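Welcome! Take a moment to look over the sequence and the model, and then let us walk through some of the features together.

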Number of protein chains: 4
Amino acid sequence: MPATAKRRRVGIAVVGLGGAVATTAAAGVEFLRRGSNRLDGLPLAHAAVPGLARYEDLVFEGWDLNGQSLAAACAEHRVLNDSQLAETAEALGAVRPRPGVASEAFCRRISGSNIRSVPGHRAAVAAIVDDLRDMRVAHGLDGIVMVNLASTERTPDAESAALRSMDAFERGLDADDPAIGPAMLYARAAIEAGVPYGNFTPSVAADAPALVELSRRRGVPVAGKDGKTGQTMMKTVIAPALRARALHVDGWFSTNILGNRDGEALRDRDSLASKLGTKGSVLDSILGYPVEDHIVDIRYYRPRGDDKEAWDNIDVTGFLGHRMQIKVNFLCKDSVLAAPLVLEIARLLDLAAQRGEGGPQEQLSIFFKAPMTVNGHAPEHAFHAQERMLTEWLGAGAAE
Amino acid sequence: MPATAKRRRVGIAVVGLGGAVATTAAAGVEFLRRGSNRLDGLPLAHAAVPGLARYEDLVFEGWDLNGQSLAAACAEHRVLNDSQLAETAEALGAVRPRPGVASEAFCRRISGSNIRSVPGHRAAVAAIVDDLRDMRVAHGLDGIVMVNLASTERTPDAESAALRSMDAFERGLDADDPAIGPAMLYARAAIEAGVPYGNFTPSVAADAPALVELSRRRGVPVAGKDGKTGQTMMKTVIAPALRARALHVDGWFSTNILGNRDGEALRDRDSLASKLGTKGSVLDSILGYPVEDHIVDIRYYRPRGDDKEAWDNIDVTGFLGHRMQIKVNFLCKDSVLAAPLVLEIARLLDLAAQRGEGGPQEQLSIFFKAPMTVNGHAPEHAFHAQERMLTEWLGAGAAE
Amino acid sequence: MPATAKRRRVGIAVVGLGGAVATTAAAGVEFLRRGSNRLDGLPLAHAAVPGLARYEDLVFEGWDLNGQSLAAACAEHRVLNDSQLAETAEALGAVRPRPGVASEAFCRRISGSNIRSVPGHRAAVAAIVDDLRDMRVAHGLDGIVMVNLASTERTPDAESAALRSMDAFERGLDADDPAIGPAMLYARAAIEAGVPYGNFTPSVAADAPALVELSRRRGVPVAGKDGKTGQTMMKTVIAPALRARALHVDGWFSTNILGNRDGEALRDRDSLASKLGTKGSVLDSILGYPVEDHIVDIRYYRPRGDDKEAWDNIDVTGFLGHRMQIKVNFLCKDSVLAAPLVLEIARLLDLAAQRGEGGPQEQLSIFFKAPMTVNGHAPEHAFHAQERMLTEWLGAGAAE
Amino acid sequence: MPATAKRRRVGIAVVGLGGAVATTAAAGVEFLRRGSNRLDGLPLAHAAVPGLARYEDLVFEGWDLNGQSLAAACAEHRVLNDSQLAETAEALGAVRPRPGVASEAFCRRISGSNIRSVPGHRAAVAAIVDDLRDMRVAHGLDGIVMVNLASTERTPDAESAALRSMDAFERGLDADDPAIGPAMLYARAAIEAGVPYGNFTPSVAADAPALVELSRRRGVPVAGKDGKTGQTMMKTVIAPALRARALHVDGWFSTNILGNRDGEALRDRDSLASKLGTKGSVLDSILGYPVEDHIVDIRYYRPRGDDKEAWDNIDVTGFLGHRMQIKVNFLCKDSVLAAPLVLEIARLLDLAAQRGEGGPQEQLSIFFKAPMTVNGHAPEHAFHAQERMLTEWLGAGAAE
């Protein structure tokens, strides 16, 4: 199939469509549609791979608990500048999120005015499947993928029986088991509908063992989780080089300040991060030994808004026990880094579906902090090794 | 050949044996010989490759314009701490550099009391060849390599005819052509003696076209040039990731403060660095486009001594033209980073010689700022790609 | 005189009216005139001192070699954001700089299309005096002050006889002595016209001994020189504390990156800065001993535009010889820091004139890198001591 | 009294004599006694004030729950280098802390083997008073002061009745009231014995209203609390300048990493710090308005040992609402900064006693994070204003 073959119109069904990342991504597609050739931040802008949808052919759809238009949401997030807001106002003003589907089991916990309340888990899954079907028809889509960009959910009890197997999960759906959270219901619906699913958040979703199994059986591509944008990306870039130079990492102190809407949600992840730091983490996996003094702090700090600042201090020991320090200060913009990755994840999941590949898409590891792997083995975290994995996968398909 | 085969005793003939890097390396070998298992900073400490000499079997030899013992030199450089100096004093005290060989054509330019003045270029080469032969016999060596760690020389006129071909070079030797500098005489002698040659300095030596040709004809491995230790190493680690994320580099400002003996020599490189910055540089090669605002400053700043501090500021543009900054502050120790690389370069050049590989050893690119390449093509600068090149070469040999 | 007395309409005759600092200052006054109560950055916004003109009553006038309107200039400098440019466009569009007055002795050196060429020094002074008289009448001013914001001029030969005394200077004017630069002609004209003069640039002007003498004789207030905005301000804030804690400064490395129009002019100051660093500098004066490793670098780096980044590294020795480091990274905006200081300098010079104080106004030291002093003694550089000087002077006048 | 008058032998009775700060201070005095003229870090080294004891005449005494010699303790803290340890080993080896006095009311809480357990509060106070009397006689002291350098205690209930007045406190002593902590018992004993008391820790001690009252009645000088060494010192240096330039502080994020023994104790202060941040803090007091986004983090991070690293990010708004950032990175050594301040506090408290000044010594504010004030008014936090206060007090006494 030549690269100039019929263009694919691909929908992105976003959970959390009104958020900063989704609206920034939607605005970006609108700019490209209007002829802009600003391709900064789009890793695969120059990849000529048969079957890969064009950015301009991506259609934003999805759900949000806030029903305002994407234009209104975008203005609130203050990521785009004034002239960018003005230029995209009309197009984004025409897009409104569908009501978020909520099983009544969770209704008390969820706040927002744009809710489609359904009696239980089964009904929620059915409603989401219906929505996906409707999107496909309404926009005349050739393909559709779901991407989770909603606020992070609390980690469910790891011992929860309902998540362990396909059968147990189905019984959990019938019983409205509270261990099955909203993100899992959306993921379950996507897989049922044959829609590839990508998880840009740390919430448990398609990575629950039950859903991994289902995605394999149904041959639906899934990928995740937790987008790798700023500080963690740099960590997975620098750590492999320290290992290659045999500089021993005595400690790695990472602190973040961040003032956007996700700020408060992230504070909860602080404890999670600390917990992960003591167990097998990104860093330990790359270095091959445990870094006991690996500390990750995230602080909600309003003056920054969507801008995010990361400060890392790395203590290393070199030849003859002499000690050195590396400090990295990253003044970044959260949504500006995340939005283009979302576009690539969507395009690549659509491509995987065309190639008939189901289950976890390990070759997308470069986009995630905690990549899903094909056989449940430990993920590759080193950035350059992940890049190579993706490049080879892209090339393999192209050569077919 | 099993890894437990007969051990090889390998000499390192260092040009500049009394310098901070050489004495630190020699002290490190002494510690390993005394049973220390501190292997920090040694990239190949755990590589089980047949034929690779052990660190403990490396013998330091060489030349210096200052004739004091390595113990005295080491104490002056203030790289090791007091207890390390005390522990290595006896062993290093027993090593004294041979007089630096100087063709009278350069005698006026060279300062130092430990000089073996010879009437011209030919005599200089012959004297160095004699020294190499004597080292081999005196220490009962199985192998010997030469490594250049001397102060940086000025760049010769690029148009100089004498450097262009083997024949022209030989005529230049006869004529005591001033375009042929000391580093080239040492390199020429090493190749003549069949001794592999590594250049850890920015001086022109085995990379002169005439000597590249000679090293190929004679089948002698050569590698260089300019050790990649701190700031440039980080640059070649981070830049590939920026390219992979399509973050456009608008500018990269690198400044260094450094107070050791090489400080003043480096000031001269400042102009060189600026010049390189405007032409094809490490950065441009990795990114694939010219970074016009790539500035490299080096400043002699005494409070630091051998400690070196690098501060980099990177301005990048991401999605939709939004700008971000990355700042890297590296508080490093020059000789501590460099010394273990010298040990690895020596071991690998000796291995290449055993494998019968002559000419530029491109697989050693990871150790150099300006790697020599096999066919004169542009070098690979990306750190991880260089690492893979070396790993594959090591494995290929192991599999034979 | 009560604070509510008749309001004073005060003109600021700016040399370099189209520059980034002047246009930012003019825009700020326009915002205040339109009712904005944003007083950030204005040190004396809340000072209730009789005679001090209101910001809204300042009138921008002056000269520039580029004749475009302040609105056009302001848009070029990219200091204000889009909505600020839009809001001030009309008011600033109505102001156009007068042609810069140039003695033909300098004409070859000066580039720009908005020039009033006059046959010699005397004619230049006369033309400027005429302009000042015209401004006063044209705008119905109660007071007028001149502020130099033009590009930095080269330092004249310190031994130049013409600058040493009033008489010599007058003879120099007659002879079109090239040692008398444009900044001195403007300053000379201001003093002749009884107009207070402030010098925000490093150029030699009213600080030439001849003009200091003249300003005292004529009773005209003068102040300068070289606005203290970012890095040097921080230096004069931190150094006094290091002295108070007896932390010995072993070295202070200051580097700057800056991309605005003054960038290239500043490169010339690099050599000046270095020179000052080796002699009695701001730092040495505060600490009471010479800091031999005090290095100041300024680098033109386009990605920043008017944003300026300073990075300071301070090496200190504390108790028992133990060493510590302080690093300060200031991401500032040059014109945003400078513009409000210009407004204060103008208001204070006008106040000094009302109080009948002539000659150097030492109490304005807090605004300058190299403050002029009353009796030629060494200036006070410590920021807090300068603040106290100003506060006391303001209070003294208020109490009268 | 001339400055050359009879020298005063002054004892420092340290609570926590085996800690890093106390042993560093004791070692420093030993160096000065042995003729060293290294006076770095000693703010008043050159003050010629009548009555001020010489550093060499300070005698270290005190209590610690660990009974090992100061030499052994000093070696453990790893503040001094090897040669400094060797040189002071003999002198410090001769000093052993007295057993810490513990009222049985606290015995369960206190760990350590060097304890003098007494039946209750009254007995504890009496034992401490006895110890002070014994010190005076044993060393032939002309004066003696007590300094608290013990680990930070938890903050008592602010509403505790026992701390509110002298009488209530005395009843609390009789009743072994648990609101009266160890630090208060030591402070109470010092005041009873007429021994000036300084509190270098954040624990509540002489600042309890009851003890403030007592110190005034008895005419005993007291000062505190919480030594101002690194990050907070810099905060009180920089904030006044931001106010002077009218740069509005939108947020101030301060994070610390620290790996010494006090590390874990400090983690508890984290909550305290946060609490203070929301109320009237150092910063708010200096700036004159509340900084809502003022965050202070302290993290225990072992790779640093006694070295402490502070990283501050300051967000400010300047003219026309434009925003800037200042980042300060302080690589300091906790005990090296603290020890000389302890020596000055001791000398100054002894001087205050000679001058007959009782109650809170506000002129020592420059040494403390939360200075005690004479009339309970809000303390002055600006560093330079504190310096002036001390200088004037010193001069006033000198002039008498």
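Predicted model: local features only at pLDDT ≥ 70, side-chain atom pairs only at ≥ 80, totals over all residues.

B:Cys332 takes part in no disulfide, and the nearest cysteine sulfur, that of B:Cys74, lies 18 Å away. With a relative accessibility of 4%, B:Cys332 counts as buried. Over all chains, the count of disulfides comes to zero, taking a disulfide as a pair of cysteine sulfur atoms within 2.5 Å.

## How chains A and B are related

Let us turn to the arrangement of two chains. Chain B can be superposed on chain A by a rotation of 180 degrees, with 0.0 Å of shift along the axis and an RMSD of 0.0 Å. That is the relation of a two-fold axis. Which residue of chain B comes closest to this rotation axis? B:Val328 does, with its C-alpha at 2.3 Å.

The interface tells a matching story. Of the interface residues of chain B, 100% are also interface residues in chain A, so the copies meet through the same surface.

## A sheet built from chains C and D

Now find the open sheet of eight strands, where the pairing is mixed. Its order is β9(C)-β8(C)-β10(C)-β11(C)-β11(D)-β10(D)-β8(D)-β9(D). The edges are taken by β9 (293-300) of chain C and β9 (293-300) of chain D; each has a single partner strand, so one side of each is left without a neighbour in the sheet. On average, neighbouring strands of this sheet are turned by 10 degrees against each other, direction ignored.

Within chain D, strand β8 (residues 248-258) pairs with strand β10 (residues 307-317) in the antiparallel sense, over ten bridges. One place to look is D:Phe253, which stands opposite D:Asn313 in β10(D). Helix α8 (residues 231-244) of chain D packs on the sheet, where the helix touches β8, β9, β10 and β11 of chain D together with β11 of chain C. The direction of this helix makes about 165 degrees with that of β8(D). In chain C, helix α8 (residues 231-244) lies across β8 (248-258), β9, β10 (307-317) and β11 (323-333) of chain C, together with β11 (323-333) of chain D. This helix runs at about 165 degrees to β8(C).

## Two crossing helices in chain D

At what angle do helix α4 (residues 121-139) and helix α5 (residues 166-174) of chain D cross? Their axes cross at roughly 100 degrees and come within 6 Å. That makes α4(D) roughly perpendicular to α5(D). On the α4(D) side, the contact is made by D:His121, D:Arg122 and D:Val125, and on the α5(D) side by D:Glu170, D:Gly172, D:Leu173 and D:Asp174.

## A covered strand in chain A

Our last stop is strand β1 (residues 10-15) of chain A, which is mostly covered: six of its six residues are buried. A:Val10, A:Ile12 and A:Val14 lie on one side, with A:Gly11, A:Ala13 and A:Val15 on the other, and both faces are covered.

β1(A) runs parallel to strand β2 (residues 58-64) of chain A, joined by six bridges, and A:Val10 stands opposite A:Leu58 in β2(A). β1(A) also pairs in the parallel sense with strand β5 (residues 143-148) of chain A, over six bridges. There, A:Val147 is the bridge partner of A:Val14.

Definitions and conventions:
Residues numbered from 1 in each chain as written. Chains lettered and ligands numbered in written order. Heavy atoms only, no water. Least-squares fit on C-alpha atoms with pLDDT ≥ 70 in both. Contact = heavy atoms within 4.5 Å. Pairing = 2+ DSSP bridges. Helix = DSSP H or I, 4+ residues; strand = E, 2+ residues; numbered from the N terminus. Axes fitted to C-alpha atoms, helices over the stretch in contact; angles between N-to-C directions. Buried < 20%, exposed > 50% of the residue type's maximum accessible area, 1.4 Å probe, protein only. Parallel < 35°, antiparallel > 145°, perpendicular 65-115°, else oblique.
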